[in-house]
Amino acid sequence: MQNSASPPPRDVALREVGLRDGLQIHPTFMPTQAKLAWIRAEAAAGMPEIEVTSYVPPKLIPQFADAEEVSRQALRVPGLTVAALIPNARGAQRGIELGVHKLNFVMSVSRTHNLKNVRREREDSVADFRAIRALCDALPPERRPVLGGGLSTALGCSYEGRIPAADVVRYAAQLAEAGADEIVVADTVGYSGPAQVREVFRLVMAEVAPLPVAAHFHDTRGLGIANALAALDCGVRAFDASLAGMGGCPFAPGATGNIVMDDLCFLMASMGLRTGVDLERLLAVRDIVRAALPDIDMYGGVARAGLPRLDTGVLR
């Protein structure tokens, strides 16, 4: 099930995850209306897909107590693909009832992180994914959401260290066989560098082809943008990022925010790749977040230095 508005031509699909990954560990609740203003403004800037929330119990992550209202209102935004993170079949059922366009299932390749994050063995997560696929397939085609298979801690874990590439390939293959519409390989703790990115992404893409593979990087050690470029070199054409680099994982000690969406958009534009995003309007969205959460950390080289003015070709 997809939003029916015709998208502009894009060479690379950028997906905003700040409303979920960016807010999930912030102690101050962002008012619902501020979240919706963020969503509307970023969609108006040309962002094609936004992960607007996660369907988890509010007692676990209070930031998502308004998940249903945010989802319903986001679905009214023309042309926007509304996605939500789901850890299990119960979350998937909520997303299906609300009618979101995309469900992003997440499991960890690290056994320790999976036990801490979703409280189950990895094999149980794969079984849950199969059940979610069955739920989706039971729907009429026009109501069927896209189902993404996310592999967290695929490039390293705060508890286990480097993750064997063979493990990443194995679970990617299992999710693909179980019916994923897309595989997302995530460096949840910002552990990796470009060489490892190239190794793992090439192996995963070869294993699950022709299924699309997307990338999700954190910038914990300053290599996030370099890793995105390495994935781009491997043929990845869909990337998660967070406005102003906000975020982090509550079950991954030391992890900082996602790569900065503004900087990633600038990188792609500087290489002549079309994202469909108006970078000046994207940068202005920061004001909405800063007004609602003046205590939140915000990052980004482009926001700090400004856009180049002598050669504006990078903005096209």
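This is a predicted model: local features need pLDDT of at least 70, side-chain atom pairs count only at pLDDT 80 or more; totals for chains, interfaces and linings use all residues.
Student: Okay, back up into H9. Which of its residues are buried?

Tutor: H9 spans residues 224–234. Its buried residues are Gly 224, Asn 227, Ala 228, Ala 230, Ala 231, Leu 232 and Cys 234.

Student: And what covers them?

Tutor: The cover includes three strands, E6 (182–187), E7 (213–217) and E8 (238–241). Helices H8 (194–208) and H10 (261–270) are also part of that cover.

Student: New topic. How many residues are in the largest nonpolar core?

Tutor: That core has 88. Ile 39, Leu 151, Ile 183, Phe 201, Val 204 and Phe 239 have the most contacts inside it. Helix H7 (residues 165–177) gives the largest share, 6 residues.

Student: Pick Val 204. What is it in contact with, leaving aside neighbours within four places in sequence?

Tutor: Val 168, Val 169, Ala 172, Ile 183, Val 185 and Val 213.

Student: Now H4 and H6. At what angle do they pack?

Tutor: About 20 degrees, with the axes 9 Å apart. Angles under 35 degrees count as roughly parallel, so H4 is roughly parallel to H6. The crossing is right-handed.

Student: Which residues meet there?

Tutor: From H4, Ala 89, Ala 92, Gln 93 and Ile 96. They meet Asp 128, Ile 132, Leu 135 and Cys 136 in H6. By type, the contact has 6 nonpolar residues, 1 polar and 1 charged.

Terms used: Residues are numbered from 1 along each chain as its sequence is written. Side-chain values use heavy atoms; hydrogens and water are left out. Axes are lines fitted to C-alpha atoms, for helices over the stretch in contact, and angles run from 0 to 180 degrees between N-to-C directions. Helices (H or I, at least four residues) and strands (E, at least two) are DSSP runs, numbered from the N terminus. Angles under 35 degrees count as roughly parallel, over 145 as roughly antiparallel, 65 to 115 as roughly perpendicular and the rest as oblique. A crossing is left-handed if the near helix is turned anticlockwise from the far one by less than a right angle, and right-handed if clockwise. Contact means heavy atoms within 4.5 Å. Ala, Val, Leu, Ile, Met, Phe, Trp, Tyr, Cys and Pro count as nonpolar, Asp, Glu, Lys and Arg as charged, and the others, Gly among them, as polar. Buried means under 20% relative accessible area, exposed over 50%, partly exposed in between (1.4 Å probe, protein chains only). A nonpolar core is a set of buried Ala, Val, Leu, Ile, Met, Phe, Trp, Tyr and Cys residues joined through side-chain atoms within 4.5 Å.
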